[in-house]
Amino acid sequence: MTHFVKKALADIRSNRFLNLITIITISLSILVVSVFLLFFENASRVIESWNQGGRAMIYLAKDFNPDHLPELKARINAMGEIDEMVYISKTQALDQLKKNMSSQSTFLKTLKENPLPDALEIRMKSYNSFDEVQQFAQSIKAIEIVEDVEYGQGWLGRFLKIFNLFKITGYAMCSLFFLIALFITANTVRLAFYSRKLEVEIMRLVGATETFIKAPFYVEGLLQGFFGGVMGLAILLVTYLIVASGITQNLASYLYFDIKFLSIKMIMLIIVGSTFLGWFGCYLSLKQILK
Amino acid sequence: MDDKNNKNSIIRLFNVSKRYGGKLALKDITLDIEQGEFIFISGPSGAGKSTLLRILYLAENVSEGQILIDGMNLARISSSKLPLLRRRFGMVFQDFKLIPNRTVYENVALVLEAAGEKSSYIRKKVMQVLRTTGMDKKFKALPPTLSGGEQQRVAVARAVVGNPSIILADEPTGSLDSKSAQAVLDFLMEYHKKGATVLIASHNLHLLESTVRGKNIEIRDGMIERTATML
């Protein structure tokens, strides 16, 4: 293995310009992908924070009898892990409303009957996504005594539609840049191979196996991918540190939320992905040349 | 076919023909080469000498016929086993076929690296062979900086470093002056004395007759015209 790494490094040195162009191309592609991932990671966290930690209001039907409350609570508890469940009767709700609207509560006094429903406010013990909350709310809604479940699905749903549109655009852009990087990597390997055609021919004549011949090319592809990934992330980090800190301060006052850099897991994933990209470009090229 | 195999035969050709498009480069060649023989394949340019060697070192497939190397039928050898078979050959070419951007040492070491030898053994063996061919002082040199004679000595060193049992040399003295050509042939003769089978294809019959003791196979128009022993 040491031999192959040494050989690949020597080949990279002897074709410095070509390899540098490839690494820069990979790094720019990784940069574009990382920008999207940074946006998605933070946007997801914003959505989660707006969802107020997995809270939902369960509005009960008008004919709900509080005597059935323990039974209802037991049914909801059985559906998922509930951290907190508070019953708010329609009287309590109206009192609270009057308190909140103390200056404009005159019209509330004119009401002949309480229009508010009995409700249960719940908070899930753990949730990973908005989808999970949505799914849980749907199952609660299926209970016959439940009139409606409110978990911010209105405006949050609309926001999610826009977010998903961005996601699709992001996927398309990432795929495009992935293909560009793959094409460039494959072509670099192809050029490197043709520049070493005599070497490959001689290797074959002296009894080298196909693995022995191909291994330095694969190592070269892996190194290009790895360094391209690291460089792309480094550019993103520097840009983030310079630009994003100011934006974070401004946004924080509106969102009560810090914009964070990519998670370690995502960074690892990007580096593994770019290394794979280098390898895959090499694989495609050698497969075509040596078929 | 195997039951006909002579005990001492290392290379056997049975009715071998090679066709390029419609043109026959080799026609119905049947040949039996014994272990330790020194064979000189002569004939004019285009006679089929190089084609014969290319077939033997597996750079080309035969169009018809069969070849046995040490009892192994080449037609039945899987592609994964080809490298192992090639390691039994040492090859010398007229144009040397050295890797220009690798040093003399690296060019020779390549054979042992490809065979998966340990680096300590490679260092020792390569330097030993380079000493024998008189190229040890230039082990760091790149091939383009060497003379033709020196390059061919490096190529010969590469051919023998893996201790192959067969040496195939295609016009090894073709681009050398008489002194360098003599040095290369002397070295091949020395290696032959250790028990190796050596096949040299060349049109320079005069030089070989004055140097080589062995069998001369004359090829003309892709066919064996005559076989004679050179004393």
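Hi everyone, let me start with a charge and a ring: the charged end of K97(B) sits over the ring of F93(B), 5.4 Å from its centre. Here, "over" asks for NZ of Lys or CZ of Arg within 6 Å of the ring centre and within 35 degrees of the ring normal.

A word on the source: this is a predicted model, where local features need pLDDT of at least 70 and side-chain atom pairs count only at pLDDT 80 or more. Residues are numbered from 1 along each chain as its sequence is written, and chains are lettered from A in the order in which they are written.

Now to the sheet in chain B. Six strands form an open, mixed sheet, in the order β6-β7-β8-β3-β9-β10. Strands are DSSP runs of E with at least two residues, helices runs of H or I with at least four, and two strands pair if DSSP finds at least two bridges between them. β6 (89-93) and β10 (223-230) of chain B each have a single partner strand, so one side of each is left without a neighbour in the sheet.

Inside the sheet, β3 (residues 38-42) and β8 (residues 197-201) of chain B pair in the parallel sense over four bridges. Which residue of β8(B) is the bridge partner of I39(B)? That is L199(B).

Over in chain A, ring pairs link Y218(A), F276(A), W279(A), F280(A) and Y283(A) into a cluster. Rings of Phe, Tyr and Trp (its six-membered ring) pair if their centres lie within 6.5 Å; planes under 30 degrees apart count as stacked, over 60 as edge-to-face and the rest as tilted. By this rule there are 16 aromatic pairs over all chains. W279(A) and F280(A) are stacked, 6.5 Å centre to centre with 25 degrees between the planes.

Technical notes:
Heavy atoms only, no water.
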